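Please look over the sequence and the model shown below before reading on.

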Amino acid sequence: MHLLSLEGISKSYPENPVLFGVSLGISAGEHIGVIGRNGSGKSTLLAIIGGLEEPDHGSVVRARGLRVAHLEQDPAFDGNATVAGIVGADREAIALSHRLGLTDAGSTWSALSGGQRKRLALALALAADCDLLILDEPTNHLDVDLVDWLEDHLRARPEALLLVTHDRFLLDRVADRIVEVHDGALFSHQGSYEDYLEAAANRNAHESAVEHRLQRRIKTELAWLQRSPKARTTKSRARVSQAHDLIAQQRQQLRRELTIELPSRRIGSRVVELHDAGKKYGDNWVLKHVELKLQPDARIGIVGPNAAGKTTLLNLIAGRIQPDEGRVTVGSTVHCGWYGQDPRPIPPHTRVHAVVREHRDEVLLESGIKVSGAQLLERFQFTREQQQAEVGDLSGGERRRLELLLSLMEAPNLLLLDEPTNDLDIDTLNTLEEYLDAWEGAVVVASHDRYFLERTCTDIVSIESDGSVVHHPGGWVAYRSTAAGRSPETTKPPTSSRRAQQPPRRLSYKDRRELDRLDETIPTLEAERDHLVDMVEERAGDYQRSADLSVRLAAAVDALERAETRWLELTEAAERLEQQ
């Protein structure tokens, strides 16, 4: 049964066009995952489908009597309404709210934390009788146990599901169709998230081939233009127009990638140590007798139920709070970078470019290149227009991306990440994970994102109900298998987990950046070598000058050989990884 159709939908906001003539059909029982970059229009698409917003152009055709339940990214109720009043007498909603940790029925909406509000709204959406369930980032503010439960719950639901999430495990296990929102268009892929990745890889390969052919045509047309034909014939004008059209087409096809190339400081052998540390709020001990020693290359994930003390432990490590028992010692070389789940206190009317300039005017990248704040923002996918926007006008994901930039541009050597995946898109998460692969420093992350934990952490620390902290060697899959009473060797993880456990099938971010630089450097070195050869031949009769040029030529040849050798090493490594 066909539930809903979008036909030629377009939607724009002031200075921000989002969707251009898109069409989409949803059938009964389909489970659709919606992905795309922050600000690409995912939430707008869901709002139009759910009837919360009207399109500027096009039409939405709904089946007669269609019932829709909608969890918005930032739900809102009357601030004075209580949990009991919002849930009402619906037994299923009451049970779900309790399952999601909302047991104080007398709490008002205004008194709830952001996470509690999202969980209450999620309970209402899951309890609703509907034909189409729309969920916008439902795993935000859920602990890993609740995410596991939600995954099983959604897989068993017979209704059609439209889901925006950055949780790649959830996508792979729940969705049977992936819709990507990109550059105002929709790309639909039948199958799981893994199937989408394979299809996207094929599409990117095709786009690369098209881009290569386009580059060759542009080179030909530019060479013709540079000959400056004197005769301004109709044919000449046509060639000029064709050249400009090709250049414009190339600019439209370029897909701006997030680039993280921010350096860290040197870190010593002593990082942070907690000795019999404890923390209480009132008479309630949240953490007790914590023993933890961070190594310079630590990759530690912190897990535990909501309110177990994950953020408290991060705050103790950061020195933002002091223990009520025991002690915390910090190495003299440690410079902490904090990326928390609570927004930074940035005045909403501040321009984006001004926020970055207040921190630093220039930043020295890992490659040795100095870039301005504007250039750094461009590397973080902020266009010139977005840089002029006010912080209060940014989407949730764009705000998080800006805060990530501010955290990294201070060049920390200890990164503390508190729910870093909230509101970040999958492309950004992939880039951040690759950046952390090569990042020289310690990382401690509290997260509900199982894929991110498995991808970035080599050890798991769990906070138990008595406030103690237990260390578990291995990543998320090993920890979860042990917690479930199974050995990791006998546990068959889902497809996404198997991919996460395997060695990466491509070069690390750092190596790819080096390979890209070599692609640019080698032609320059070849040109310099050829130029010096010509000069030596021209000055063969001038002994002194020839001797100086020969020294420069030998150095140029040596630099070229070293660059070519390293290029060969990296390309062969890339080929081996692809064949694994």
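Does Cys130 count as buried or exposed? At 5% relative accessibility, Cys130 counts as buried, where buried means under 20% relative accessible area, exposed means over 50%, and partly exposed lies in between, with a 1.4 Å probe and protein chains only. This is a predicted model, in which local features need pLDDT of at least 70 and side-chain atom pairs count only at pLDDT 80 or more, while totals for chains, interfaces and linings use all residues. Residues are numbered from 1 along each chain as its sequence is written, and side-chain values use heavy atoms, with hydrogens and water left out.

**Overall make-up**

- Of the 580 residues in the protein, 48% are buried.
- The protein exposes about 28400 Å², and carbon and sulfur atoms supply 48% of that area; accessible areas come from the Shrake-Rupley method with a 1.4 Å probe, and for residues only the protein chains shown count as cover.
- Among the contacts in the protein with a separation of 6 or more, 70% are between residues 24 or more positions apart, a contact being heavy atoms within 4.5 Å.

**The nonpolar cores**

- The largest nonpolar core holds 44 residues, and within it Leu262 and Phe380 touch the most other members; such a core is a set of buried Ala, Val, Leu, Ile, Met, Phe, Trp, Tyr and Cys residues joined through side-chain atoms within 4.5 Å.
- Several elements each supply at least two residues of this core, among them helix H10 (352-359), helix H11 (373-379), helix H13 (396-408), strand S17 (414-418) and helix H14 (426-438).
- The largest share of this core, five residues, comes from H13.
- Once neighbours within four places in sequence are left aside, Phe380 is in contact with Leu258, Thr259, Ile260, Leu262, Arg401, Leu404, Leu405 and Leu408.
- Apart from this core lies another, of 31 residues, which includes Val83, Leu133, Leu154 and Val174.

**Helix H13**

- Helix H13 is mostly covered, as twelve of its 13 residues are buried, including Arg401, Leu404, Leu405 and Leu408.
- The buried residues of H13 pack against strand S14 (336-339), H10, H11, helix H12 (384-387), S17 and H14.
- At 1.5 Å a residue, the 13 residues of H13 should span 18 Å, and the end C-alpha atoms of H13 are 19 Å apart, which agrees; the expected span of a helix is 1.5 Å times one less than its number of residues.

**Salt bridges**

- Side chains of opposite charge can pair when their charged atoms come close.
- The count of salt bridges comes to 20, each being a side-chain nitrogen of Lys or Arg within 4 Å of a carboxyl oxygen of Asp or Glu.
- Asp148 forms a salt bridge with Arg480, the closest N and O atoms being 2.8 Å apart. Because Asp148 lies in helix H5 (residues 144-156) and Arg480 in helix H16, the pair ties together parts that are 332 residues apart in sequence.
- Arg480 is partly exposed, with a relative accessible area of 25%.
- Lys279 forms a salt bridge with Asp324, and the closest N and O atoms of this pair are 3.6 Å apart. This pair links distant parts of the chain, with Lys279 in strand S10 (residues 272-281) and Asp324 in the loop between helix H9 (310-318) and strand S13 (325-330), 45 residues apart.
- Lys279 is buried at a relative accessible area of 12%, whereas Asp324 counts as partly exposed at 40%.
- Salt bridges that share partners join Asp145, Asp148, Glu151, Asp167, Arg173, Arg450 and Arg480 into one network.

**Tyr281 in strand S10**

- Tyr281 has its place in strand S10 and is partly exposed, with a relative accessible area of 44%.
- The C-alpha atoms of Tyr281 and Asp324 are separated by 9.4 Å, although these residues are 43 apart along the chain.

**Cysteines**

- A disulfide is a covalent bond between the sulfur atoms of two cysteines.
- The structure holds zero disulfides, a disulfide being counted as a pair of cysteine sulfur atoms within 2.5 Å.
- Cys457 is buried, with a relative accessible area of 6%.

Terms used: Helices (H or I, at least four residues) and strands (E, at least two) are DSSP runs, numbered from the N terminus.
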